[in-house]
Amino acid sequence: SATKQYFVLAGYAGCVDPSTVIMTEFGDMTLDEIFDYGGMPKDVLDFSTWLGKPLKVFTHNHRWREIQRTYVTDVKDGFHIILECGREIKCSIDHPLMVSVEPTLSGKLIEDLMRTFDWVRASNIRIGHHIQTFDLPISSGKVVSITPIRQRFFDIEVEEDSSFIGNGIFNHNTGKSTIIESLVNELRSRV
């Protein structure tokens, strides 16, 4: 019998630890609390459309945007990343964070510094890179430790800006890529 092959042409499907503190319109809430607030399932390993009362989070574009969906992963590989300022994030290896792509940040104007940041998967972040933090100087986001972890992760999808602030760090959310991944997995399960 012939074997069916599926190809996923998609980008990120990254997620963060459920204890990650997210900046919401009602104050700081962990992802776990956000799931509870929205009545979202924590045991469904897939996307779930947001059905709860509207909830807005602060984005990398410095504006409030509503959560549209939640996502829960199975156990997968990730990293515990610690910054020089003491902030930390536990995320899947494919989770994008806003990182400076410049080797040195000294002597640059703030406008020039902002142009050096881009979304980078956690698997491509190295000690010495600078992750953009929300309310601290850019130099304080220097990565000082990266430790491999393995666990379940949660995520939210945010309208328009596709980002949120988690543990004071700019995070990209799950999005169209994970929808595609979910569809492919559904197709596979029907074969």
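Which residue in the turn of the hairpin formed by β6 and β7 has a positive phi? The residue is G86, with a phi of about 100°, and four residues lie between the two strands of this hairpin. The structure is a predicted model, in which local features need pLDDT of at least 70 and side-chain atom pairs count only at pLDDT 80 or more, whereas totals for chains, interfaces and linings use all residues. Residues are numbered from 1 along each chain as its sequence is written, and side-chain values use heavy atoms, with hydrogens and water left out.

The protein contains three helices and 13 strands; these are DSSP runs numbered from the N terminus, helices being H or I of at least four residues and strands E of at least two. Of its 191 residues, 46% count as buried, a term that denotes under 20% relative accessible area, with exposed meaning over 50% and partly exposed the range in between (1.4 Å probe, protein chains only). Among contacts (heavy atoms within 4.5 Å) with a separation of 6 or more, residues 24 or more positions apart account for 65%. The protein exposes about 9,900 Å², of which carbon and sulfur atoms supply 51%; accessible areas come from the Shrake-Rupley method with a 1.4 Å probe, and for residues only the protein chains shown count as cover.

H80 lies in β6 and stands opposite K90 in β7. At 17% relative accessibility, H80 counts as buried. Beyond its neighbours within four places in sequence, H80 is in contact with residues including E88, I89, S145 and I149. H80 and C91 are 11 residues apart in sequence, and their C-alpha atoms are 6.7 Å apart.

A disulfide is a covalent bond between the sulfur atoms of two cysteines; the criterion is a pair of cysteine sulfur atoms within 2.5 Å. A search of the whole structure finds zero disulfides. The cysteine sulfur closest to that of C91 belongs to C15, at 9.8 Å, which is too far for a bond. Both residues are buried, C15 at 0% relative accessibility and C91 with a relative accessible area of 0%.

Helix α1 (residues 31-38) has L31, I34, F35 and G38 buried. These buried residues fall within an arc of 100° seen down the axis of α1, so they line one face of the helix; the arc is that of the directions from the helix axis to the C-beta atoms. Their cover includes β1 (21-24), β2 (27-30), β5 (64-72) and β11 (154-158). Just after α1, G39 takes a positive phi of about 65°.

Aromatic rings form a further set of contacts. Rings of Phe, Tyr and Trp (its six-membered ring) pair if their centres lie within 6.5 Å; planes under 30 degrees apart count as stacked, over 60 as edge-to-face and the rest as tilted. By this rule the count comes to five aromatic pairs. The rings of F58 and F134 have centres 5.5 Å apart and planes at 80°, so this pair is edge-to-face. Since F58 lies in β4 (residues 56-58) and F134 in the loop between β9 (117-121) and β10 (143-151), the pair ties together parts 76 residues apart in sequence. F58 counts as buried at 11% relative accessibility, whereas F134, at 26%, counts as partly exposed. F58 and F134 form one aromatic cluster with W64 and F170.

Key:
Pairing = 2+ DSSP bridges.
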